[in-house]
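Please look over the structure shown below.

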Amino acid sequence: MAEVTRERWTGRAPFIFAAIGSAIGLGNVWRFPYMTYEYGGGTFLIPYIIGLIVMGIPWMMMEFGMGRLFQRSAPGAFEGIGKKWEWLGWWPVWVAFLIVTYYTVIIAWSLRYAISSATVEWGMGQAGAEGAGDFFFGTVLQLSDGPTALGPPVWFILGLLAFVWLVIFLIMFRGARIIGKVSVVLVIVPWILLVVLFIRGITLPGALDGLNFYLTPDFAVLGSIDVWFAAFSQIAFTLSLGMAGMVAYGSFIARKADVNNSAIITSFSDAATAFFAGFAVFSTVGFIMQAMNIPIGDVSASGLGLAFVTYPVAVSMMPGGNALVGILFFLCLFSLGTTSAYFLAYGGVAVPLMDKFGWSRIKATLIVTIVAFLVGVLYTTQGGLYWLDMVDRAVCFYGLLITGALACLVIGWVYGPRKLREHSNETSDIKIGAWWDWLIRLVVPGGLIFVVVVGGFMKDGKEQYSGYEIGALGGSDIIWIILGVTLIFSILLSFIKTKTTGGGE
Ligand code: PHE
């Protein structure tokens with residue numbers, strides 16, 4: 001077996017920025033603010049912070065720690081625990097791979113909108129506001145009636161997707177050294193843009209009403225199980241855990257460098273960004289309510305609808321700076337998305353392949369780029385959105401939760417969390433105690449399984465997901481197939497002999 005010299009971050013800041021960049025993404029802008037509004041306003045912060053502290057941070061410490069200890073990405077780390085566990089390192093690699101195939105398409109839409117914003121292509125004023133939905137589904141996506149009506153790709157989006165992959169490739173083919181440096185810029189730029197968008201939002205008429213909706217506390221909600229479900233599911237999603245990448249990023253941490261505090265800084269930076277993004281989003285939602293004289297229930301404040309329909313509505317209606325605000329908002333999404341995308345493509349997929357097969361970095365990154373781009377063509381077709389939705393549910397919900405829970409159980413009950421903790425403690429600013437072992441053994445996997453069962457199996461098991469029909473199959477069937485096939489591939493990969501050993505410095 002060839003001994004590879006492991007690449008290293010060039011310092012602590014580049015590493016932390018790369019990790020923050022992977023964690024903050026589209027979800028901070030279009031998922032967190034809406035969940036806060038939906039689940040008790042300011043009160044939602046209580047289950048959220050609890051979830052962050054008892055699940056998110058310990059889990060991130062585990063992923064960083066595993067990478068650092070074993071000097072390998074996820075499959076190699078699990079192989080280090082026992083050959084029979086290696087498959088459990090590959091499953092999140094598939095999760096990361098499938099996520100990046102469609103995440104990049106959403107980044108391509110963002111670019112499409114950054115371009116269209118220059119002329120506010122969907123129209124200005126009331127007419128633009130009314131036409132924003134048709135513009136997205138009709139003009140941009142050319143959406144068909146269902147998942148089996150694919151049609152040709154939308155060429156404009158396909159071209160932009162190629163561009164997005166070119167950017168990702170150029171950043172990742174030189175590895176952690178460049179990723180760290182680029183991440184510092186690509187994290188700071190959206191922070192600045194969010195501040196600008198916040199100032200624009202808050203100075204619009206109606207902004208305060210929107211913020212009241214965002215943050216007015218409702219303590220009654222804490223008794224409901226849904227709130228806890230929502231908070232825990234958001235924690236799992238937002239920190240980019242359960243998809244192999246953080247293990248690889250952890251494996252580039254120098255032998256003498258900190259692990260624990262970096263997890264804490266990354267997690268809190270992510271939460272703070274989400275909380276702040278909520279101000280930019282909800283001040284704008286308040287403006288739309290007033291400008292169009294509609295109740296908040298009629299303003300789509302979450303998901304794709306928020307980014308690609310609601311925000312364009314606001315851009316049309318704004319009293320000034322319309323095109324500029326549109327361009328900045330979509331460039332912000334582009335920048336937020338790109339740091340998460342190269343994290344997935346490089347840490348999630350390319351590094352495990354390099355570790356396993358001894359491929360050069362250029363070979364691994366090129367193969368990942370080309371194959372992921374080709375899969376992504378599916379989502380650029382007219383039926384692409386339906387597939388994007390199903391794949392997202394399969395991997396970004398089930399995949400990351402299930403693989404995350406299993407990883408904690410294996411570390412917790414097979415490998416032993418104490419060994420990992422002591423290894424990380426040796427060089428960390430903050431030493432963690434034996435309580436962490438129990439969080440990894442019980443609390444984190446328990447929380448993740450709770451989310452999968454309550455929000456997943458109990459729904460998709462009863463009814464076909466989203467009512468999609470693909471021949472004789474429904475949406476949920478496609479989800480189970482994706483999970484099953486990726487699991488089988490993971491097991492098969494683990495039978496192949498590993499060509500390299502974990503490298504030193
Ligand atoms: N953490 C990213 C976000 O909040 C989302 C993400 C999830 C990115 C999964 C990559 C993979 O948007």
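**Charged contacts**

Glu79, Lys83, Glu86 and Lys356 are linked in a network of salt bridges, a salt bridge being a side-chain nitrogen of Lys or Arg within 4 Å of a carboxyl oxygen of Asp or Glu. The model is a predicted one, in which local features need pLDDT of at least 70 and side-chain atom pairs count only at pLDDT 80 or more, while totals for chains, interfaces and linings use all residues. Residues are numbered from 1 along each chain as its sequence is written, and side-chain values use heavy atoms, with hydrogens and water left out.

The structure holds 12 salt bridges. One of them joins Glu7 to Arg361, with the closest N and O atoms 3.4 Å apart. Glu7 lies in the loop between β1 (2-3) and α1 (12-23), and Arg361 lies in helix α16 (residues 361-376), so this pair ties together parts that are 354 residues apart in sequence. Helices (H or I, at least four residues) and strands (E, at least two) are DSSP runs, numbered from the N terminus. Glu7 counts as buried at 15% relative accessibility, whereas Arg361 is partly exposed at 26%.

The side chains of Arg418 and Glu422 meet in a salt bridge of 2.9 Å, N to O. Arg418 is exposed, with a relative accessible area of 52%, and Glu422 counts as partly exposed at 38%.

Another salt bridge, between the side chains of Arg421 and Asp437, has an N to O distance of 2.7 Å. Arg421 belongs to helix α18 and Asp437 to helix α19 (residues 435-460), so the contact ties together parts that are 16 residues apart in sequence. Both Arg421 and Asp437 are buried.

**Aromatic contacts**

A pair of aromatic rings is described by the distance of the centres and the angle of the planes. Rings of Phe, Tyr and Trp (its six-membered ring) pair if their centres lie within 6.5 Å; planes under 30 degrees apart count as stacked, over 60 as edge-to-face and the rest as tilted. A search of the whole structure finds 50 aromatic pairs. In one of these, the rings of Tyr37 and Phe213 have centres 6.3 Å apart and planes at 80°, so the pair is edge-to-face. Tyr37 is in helix α3 (residues 32-38) and Phe213 in helix α10 (residues 207-215), so the pair ties together parts that are 176 residues apart in sequence. Tyr37 is partly exposed, at 22% relative accessible area, and Phe213 is partly exposed at 35%.

Tyr249 and Phe343 also form an edge-to-face pair, 5.1 Å centre to centre with 80° between the planes. Tyr249 lies in helix α12 (residues 245-251) and Phe343 in helix α15 (residues 322-357), so this pair ties together parts that are 94 residues apart in sequence. Tyr249 is buried, at 0% relative accessibility, and Phe343 is buried at 1%.

One aromatic cluster includes Trp30, Trp109, Tyr113 and Trp122, and among its other members are Phe308, Tyr311, Phe329 and Phe330.

Arg441 brings charge and ring together. Its charged end sits over the ring of Trp413, 5.2 Å from the centre, and Arg441 also lies over the face of Trp438, at 4.6 Å from the ring centre. The criterion is NZ of Lys or CZ of Arg within 6 Å of the ring centre and within 35 degrees of the ring normal.

**A bent helix and a surface patch**

Where does helix α17 (residues 384-415) bend? The bend, about 35°, is at Gly399; it is the angle between axes fitted to the seven residues ending there and the seven starting there. Of the 32 residues of α17, 25 are buried, so the helix is largely enclosed by the rest of the structure. Gly416, with a positive phi near 100°, follows α17.

Leu473, Ile481, Val485, Ile488, Phe489, Ile491, Leu492 and Phe495 make a nonpolar surface patch of about 720 Å². Patches are made of residues with over 30% relative accessible area and no salt bridge, with like charges joined within 9 Å and nonpolar side chains (Val, Leu, Ile, Met, Phe, Trp, Tyr) within 5 Å. Accessible areas come from the Shrake-Rupley method with a 1.4 Å probe; for residues, only the protein chains shown count as cover. Helix α20 (residues 475-495) gives the largest share of the patch, seven residues. Leu473 lies in strand β3 (residues 473-474) and counts as partly exposed, at 35% relative accessibility.

How values were computed. Buried means under 20% relative accessible area, exposed over 50%, partly exposed in between (1.4 Å probe, protein chains only).
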